Amino acid sequence: MGKRILAWGAAAILAGLSTTAAMPARAAGTDIRIVLPEDVDLLEPCMATRSNIGRVIFQNVNETLTEYQARDDGGDLQPRLAETWEQQPDGSWRFHLRQGVTFSDGSAFDAGDVKHSFDRAMSDQISCETPRYFGGMTVEAVVVDDHTIDFRADPAQPILPLLLSMVTIVPAETPVEFVRDPVGTGPYAVSEWTPGQRIVLTRREGCWGAEPQVTSATYVVRPDPAVRAAMVQTGEADLAPSISLIDATNPATDFPYLDPETVYLRLMHDVAPINDVRVRKALNMAIDREAFIGTLLPEGAQLAVALFPPTTAGSNPAVQVPAYDPEGARQLLAEAKADGVPVDTEIRLIARTAQYPNVTEVMEAMQQMLTEAGFNVKLQFYEVAEHESFYTKPYPKDQGPYMLAAMHDNSRGDPAFTMYFKYDSEGLQSGMADPKANDLIARASAATGDERVRLWQELVAYLHDEVVADVLLFHMVGYARVAERLDFRPSIATNGQLQLSQIGFH
Amino acid sequence: MLTFLRKRAVGSLISLIGLVVLVFFLSRLTGDPTALFLPVDATVEMREQFRALHGLNDPLLVQFGHYVRDLLHLDFGDSLRKARPAIEVVTEAFAWTLQLALITMSIVTILAIIIGALAAWRGGLFDRVASILSLIGASAPDFWVAIVGIVIFSVSLGWLPTSGTGTVWHWILPVAVLFIRPFGLIVQVVRGAMMTALSSAYVKTARAKGVRARPIIFVHALRNAMLPVITVIGDQAAALLNGAVVIETIFGFPGVGKLMIDSILQRDFNVVMAAIMVTALAIFLMNVLIDIAYALLDPRIRH
């Protein structure tokens with residue numbers, strides 16, 4: 001009896017295995033599979049500037065009026081749903097919209113949709129990401145006719161077309177609450193979303209613009225980088241936009257790309273001994289930045305002299321990375337000490353656990369270098385929430401001198417997305433208060449063209465060489481694994497978006 | 001039996017209420033979720049609006065009052081991150097965890113009892129091999145076993161998918177990895193309990209009467225050895241019901257363990273509360289089943 005039961009059980013299992021599935025389906029033809037590192041908790045268009053959401057829907061499902069095309073060698077602003085735009089004499093901007101565009105629900109795209117999209121994204125009834133780009137100004141969208149819309153900003157915004165590259169367009173009927181079935185004008189529509197398992201985008205027929213080669217994309221999430229890399233290797237996926245350095249071993253499929261994240265130590269200028277510029281200079285001279293690259297950090301990481309990527313207009317190539325000079329750092333500390341600066345005070349180096357690969361080793365090495373140069377440094381690691389309390393105002397009081405190891409992402413193409421927050425006296429993450437820096441930030445933010453670039457460059461040099469605002473360290477790189485059948489190379493934009501229309505096949 | 005179950009239900013309800021109060025206030029002590037939900041460069045106005053929108057400006061006791069009021073209407077609130085009912089998010093994830101736990105524990109229980117009992121009965125080489133393997137299994141780090149399993153069976157041999165869900169094949173590696181530790185542990189317990197049972201007077205009597213080996217092992221000895229085994233099975237199953245975070249992370253299984261960890265780190269309080277209540281309820285039900293099993297196996301407990 002027992003044997004018979006066992007035999008039936010084995011037969012049932014074998015039958016189940018053979019009928020349910022052979023091996024899992026491999027991606028084939030023009031359907032592709034993409035494996036992402038983070039779960040997608042929302043598919044809300046006004047949250048598409050968040051990288052985990054943006055990689056799925058930004059420009060694939062929901063498009064913008066303008067598009068900042070970030071490239072490793074620079075970037076520029078291109079038309080998307082607006083064909084042209086110009087600044088009016090009163091400082092407002094007029095956008096002429098593309099005609100003949102339809103949403104995936106079949107409705108026609110017009111200026112009313114743009115106004116609703118902007119008002120919805122800025123509404124205090126939902127917590128969209130969009131208002132972060134419009135701080136310190138009021139902006140009103142005014143419909144001129146079905147295909148023309150004005151944006152009036154107070155004060156006037158010279159980079160308003162760039163700011164609108166962050167505002168995704170939804171139909172005027174979209175409710176002012178987070179939606180789970182985004183409707184957009186993009187070349188793809190969401191055809192399936194099983195939370196925690198997969199999202200499928202399918203190419204729309206008759207969409208405006210050239211027809212993309214990818215017919216459908218299935219997104220799955222695997223938090224472990226080794227598994228993501230293995231999935232592309234075994235053919236279970238075609239593209240893993242983020243794998244770890246140690247898995248990037250195959251030159252045919254693994255490609256580095258400049259990450260818009262910049263690593264730095266934010267200094268608090270109001271507490272001794274960091275309030276002395278000689279101490280800040282000594283901190284910069286005490287760290288051997290080159291020693292980290294190719295060892296604890298990937299080979300392609302670049303040394304930073306500003307908090308935004310060197311491809312941004314406003315970068316200053318004349319600013320040089322401080323030379324590693326521990327002896328010089330010791331001399332500066334001795335000079336400061338002779339003038340009564342308490343250089344022996346313990347300075348905390350506060351870092352965030354698991355912020356990037358090898359962060360523990362990187363911070364320990366920095367602590368060692370700073371100690372060898374004569375600093376009294378104590379290293380502390382915090383989880384994200386505690387770290388955040390030191391990162392953003394209001395800062396905790398009576399903390400003594402500390403340096404905060406942090407990362408900043410600016411892939412938006414203009415230093416304005418960095419400078420006010422990080423260096424203005426009122427900036428939410430600023431550790432300094434310098435009237436000249438405030439003035440330069442205000443003037444650069446209001447300037448246009450070459451004058452704007454010149455002022456940002458002047459500010460970069462001033463902050464780096466004279467104020468010695470912080471300890472700028474590295475522009476990071478990421479690695480992507482791309483199946484050999486795909487014609488795609490990752491770029492600086494890959495961190496926040498993944499346009500399927502840019503993927504081809506060999 | 002009904003009185004016994006009623007008493008257990010009342011006791012568990014009191015524990016659950018205590019748990020709700022404790023988790024509500026302890027989770028709020030970690031801070032408010034504004035800083036984690038909004039981008040780091042969010043304006044002051046955005047932060048204020050977010051707090052107002054989600055009632056985070058209200059005094060803690062008022063927030064607790066609102067929560068209890070909603071809970072009495074079986075409304076667990078919405079997930080902050082996912083903008084959908086927290087209970088929906090949790091039950092979806094819990095269904096995966098439950099399947100994983102049921103499949104794994106069924107296989108573990110059957111095989112561990114057979115191997116453990118035979119090891120105790122036969123002794124010699126079989127016992128030594130079973131003991132060594134079960135010890136290795138009980139102490140093997142599951143993240144390591146999982147990655148090695150993927151490298152061997154998925155990348156090198158191409159027999160199994162690396163991760164994910166969808167087919168029977170997807171379950172083999174996660175179940176196999178989850179199987180190892182409880183299997184090792186339960187084999188040890190079964191072997192120990194069986195050795196005690198097999199050396200008892202009633203087994204010697206049965207042998208003297210000429211009863212065959214199989215009835216002695218599986219009818220006389222095993223039934224008496226099962227009480228400690230059931231306790232350990234219950235412990236292991238409870239651990240699996242709380243989620244297998246490592247397995248869920250590596251194999252991309254959308255279970256409740258990783259959901260709970262992520263929700264705690266992101267301060268998605270409603271999901272944390274719902275997840276704790278659902279798992280607590282499941283563990284309570286499992287304990288009831290264990291109590292029933294005790295009573296069935298040992299008439300002294302019934303009476």
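**Figure 1. Leu29(B) in helix H1 of chain B.** In this predicted model, Leu29(B) belongs to helix H1 (residues 2-29) of chain B, where helices (H or I, at least four residues) and strands (E, at least two) are DSSP runs numbered from the N terminus. Leu29(B) is exposed, because 7 other C-beta atoms lie within 10 Å; a residue counts as buried if 20 or more other C-beta atoms lie within 10 Å of its own, as exposed if 12 or fewer do, and as partly exposed in between, with C-beta atoms placed from the backbone. Leu2(B) and Leu29(B) are separated by 27 residues in sequence and, C-alpha to C-alpha, by 40 Å in space. Residues are numbered from 1 along each chain as its sequence is written, and chains are lettered from A and ligands numbered from 1 in the order in which they are written. Because the model is predicted, local features need pLDDT of at least 70 and side-chain atom pairs count only at pLDDT 80 or more, while totals for chains, interfaces and linings use all residues.

**Figure 2. The two assigned domains of chain B.** The domain assignment, whose bounds come from an automatic or database source, divides chain B into domain 1 (16-72) and domain 2 (93-302). The C-alpha centres of these two domains of chain B are 38 Å apart. Their contact takes ten residues from domain 1 of chain B and nine residues from domain 2 of chain B, two residues being in contact if their C-beta atoms, placed from the backbone, lie within 7 Å. On the side of domain 1 that touches domain 2 of chain B, H1(B) gives the most, with six residues. By class, that side of domain 1 of chain B has seven nonpolar, three polar and no charged residues, with Ala, Val, Leu, Ile, Met, Phe, Trp, Tyr, Cys and Pro taken as nonpolar, Asp, Glu, Lys and Arg as charged, and the others, Gly among them, as polar.

**Figure 3. The contact between chain A and chain B.** Chain B contributes 40 residues to the contact and chain A contributes 38 residues. Among the elements of chain B that each supply at least two residues to the side touching chain A are helix H3 (44-53), helix H5 (86-122) and helix H8 (168-198). The side of chain B that touches chain A comprises 21 nonpolar, 15 polar and four charged residues.

**Figure 4. Strand E5 of chain A and its partners.** Strand E4 (residues 82-87) of chain A runs antiparallel to E5(A) and is joined to E5(A) by five bridges, strands being paired if DSSP finds at least two bridges between them. Across this pairing, Trp85(A) stands opposite Phe95(A), and in the hairpin, which has five residues between the strands, Gly91(A) takes a positive phi near 95°. Strand E7 (residues 148-154) of chain A is also antiparallel to E5(A), with four bridges, and Thr148(A) in E7(A) stands opposite His96(A).

**Figure 5. Confidence in chain A.** The mean pLDDT (the predictor's confidence in each residue, from 0 to 100) of chain A is 90, and 94% of its residues reach 70 or more. Over residues 9-24 of chain A pLDDT stays under 50, and for this stretch the model has 15 contacts beyond four places in sequence.
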